[in-house]
Amino acid sequence: MTDTMPDNTSTSVSAEEDLLPIVLRTPEMEMAEIGKGVPAASELSIEEINPVNAHLFREHRWHDHFARLRAEDPIHFNEIETAGRFWSITTYDDVRAVDGNWQDFSSAAGITLGIKLEDLPPEPSLPIQPFIAMDPPDQTAQRKTVRSISAPKNLRELEGLIRERSVKVLEDIPEGEVFDWVDTVSIELTTLLLATLFDFPLDDRRKLTRWSDIVFAIPEPGGVVESQEQKRAELIECAQYFEGLFAERRENPGFDLVSMLAHGEATKDMHSIEHLGNLLLLIVGGNDTTRNTMTGSVYGLNKYPEQYAKLKADPSLVEKMVPEVIRWQTPLSYMRRTANHDIELGGKQIKKDDQLLMWYISANRDETKFPNAEVLDIERENAAEHLSFGYGVHFCMGSRLAELQLRVVWEEILERFEDIEVVEEPERVFSSFVNGYSKLMVKATRKK
Ligand code: HEM
């Protein structure tokens, strides 16, 4: 333990707001102000296109903006006040090339568009980056601590539990009534699983949903959070809550993520607030993403009814549908990297400290890789080559778990329901990072 690292067994996270510095105006906030009412891509000059715009995602209008970038300027430059210089990487091959190259393109300065490095507040005394925002070898060591959660043996053991819970949630679906699929099914199931992975008190599980929702929320009046200060206060509550669980698991370890972090070589000496980064990574990783794919699958199959009909006629197609839905939905629109030095990429001169956004959502619509990319095609040959889980050393640690959840829930849906009918267009999350749904009203018809 170093001088700067307080003894984690005696120091509480309360009254430690200075350990969790906040940025009062983030690039997402700036873009939410200036991006409102942006016209269709065809009405803009190529220089004016800037896809980091939560409005484009809430209004589901991002498609033509990325299509133009892929066709005319695949590595595209923008500069805004808070973030400074950044590049949008939009084709399949380029996204893979950047994601696969951690030596030149670092994760250590953050994984979402952030404020200019020179404007960053001074480093807090304790680092709270999750390992997704680190480079090897630190990232490798911390990833090792928790990776067994998605090892094949554990997945086999979890499958029964996932099936049991899926059946229970599906059995409770109201008959003949219109209800919100997001809250009743997607959130409920993914949160139940996440609570299991943390061995988190089940009665409090909606706290996990709340923390997951606020991490990337852009403050706005009446929004998920109204200010950055409110977000910080709630995240401190999260750290405080987990502090209790850490204390318990240090004494009585089990096979769960908290015990793994409390006892892992690379993480065991961390202060509670330092754990917050990895906790939030696992909460968002294990929750938002799978939740939004689960909702996306219902929405997508309704949008392409011939695909739904094919699936109903042959439920064994679920296996193929899962990667295709994950491609089509792309629950995280992008991940960011930062250039370690000046470097040329696709004929563009990237400068040291420039940010690069690897737009998975655009790579997954790249027609040169996925013909008719906009269409959900549950028999698509190369669907599994999508980039929704990233590529390279940070490749999603929970990918198999997410696929398992989706497969099981659809096997059980097809077993019980004649139809899950979408009755109105969904409401979507206000974010250019999390590509998801806040509401999807549906009606379920059970098999006779
Ligand atoms: C459909 C569901 C999911 C999607 C689309 C998704 C997507 C991603 C993406 C894009 C990355 C970054 C990859 C990169 O930078 O190259 C990532 C990393 C990660 N994901 Fe997922 N994820 C999903 C589900 C999950 C689940 C269920 C968990 C945990 C239980 C999880 C835990 C993680 C972790 C820990 C990392 C960081 C890995 C590292 O930095 O080494 N994810 N995920």
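**Close-up views of the sheets, helix contacts and ligand shell**

**View 1. The five-stranded sheet.** An open sheet of five strands runs in the order β1-β2-β8-β5-β3 with mixed pairing. Strands β1 (75-80) and β3 (105-106) form its edges; each has a single partner strand, so one side of each is left without a neighbour in the sheet. The model is predicted: local features need pLDDT of at least 70, side-chain atom pairs count only at pLDDT 80 or more, and totals for chains, interfaces and linings use all residues. Residues are numbered from 1 along each chain as its sequence is written. Helices (H or I, at least four residues) and strands (E, at least two) are DSSP runs numbered from the N terminus, and two strands pair if DSSP finds at least two bridges between them. Strand β3 is joined by two bridges to β5 (residues 334-339), and the two run antiparallel. Within β5, Thr338 is the residue opposite Ser106.

View 2. A second open sheet, of three strands, has the order β4-β12-β9 and antiparallel pairing. Its edges are β4 (178-180) and β9 (417-422), each with a single partner strand, so one side of each is left without a neighbour in the sheet. From one strand to the next the twist averages 35 degrees; axes are lines fitted to C-alpha atoms, for helices over the stretch in contact, and angles run from 0 to 180 degrees between N-to-C directions. Three bridges pair β4 with β12 (residues 441-446) in the antiparallel sense. In β12, Met441 is the bridge partner of Asp180, and Val442 is that of Phe179. On β9, Val422 also stands opposite Val442 of β12; β9 and β12 run antiparallel and are joined by five bridges. Helix α7 (residues 181-198) lies across β4 and β12, at about 50 degrees to β4.

**View 3. Helix α14 against α16.** Helix α14 (residues 318-329) packs on α16 at an angle of about 130 degrees, with the axes 9 Å apart. That angle makes α14 oblique to α16; angles under 35 degrees count as roughly parallel, over 145 as roughly antiparallel, 65 to 115 as roughly perpendicular and the rest as oblique. The contact (C-beta atoms, placed from the backbone, within 7 Å) involves Val318, Glu319, Met321, Val322 and Val325 of α14 and Glu403, Leu406, Arg407, Trp410 and Glu411 of α16. By class, this contact of α14 with α16 has six nonpolar, no polar and four charged residues. Ala, Val, Leu, Ile, Met, Phe, Trp, Tyr, Cys and Pro count as nonpolar, Asp, Glu, Lys and Arg as charged, and the others, Gly among them, as polar.

**View 4. Helix α12 against α14.** The axes of α12 and α14 come within 9 Å and cross at roughly 95 degrees. Helix α12 is therefore roughly perpendicular to α14. Asn292, Thr293, Gly296, Ser297 and Gly300 of α12 meet Val325, Ile326, Trp328 and Gln329 of α14. By class, the contact of α12 with α14 has three nonpolar, six polar and no charged residues.

**View 5. The shell around the ligand.** Of the 29 residues around the ligand, Gly285, Thr289, Gly390, Cys396 and Gly398 come nearest; a residue is near a molecule if its C-beta atom, placed from the backbone, lies within 6 Å of it. Two or more shell residues come from each of α5 (138-146), α11 (272-286), α12 (288-303) and α16 (399-416). Helix α11 gives the most, with four residues. By class, the shell has 16 nonpolar, 11 polar and two charged residues.

Key. Two residues are in contact if their C-beta atoms, placed from the backbone, lie within 7 Å.
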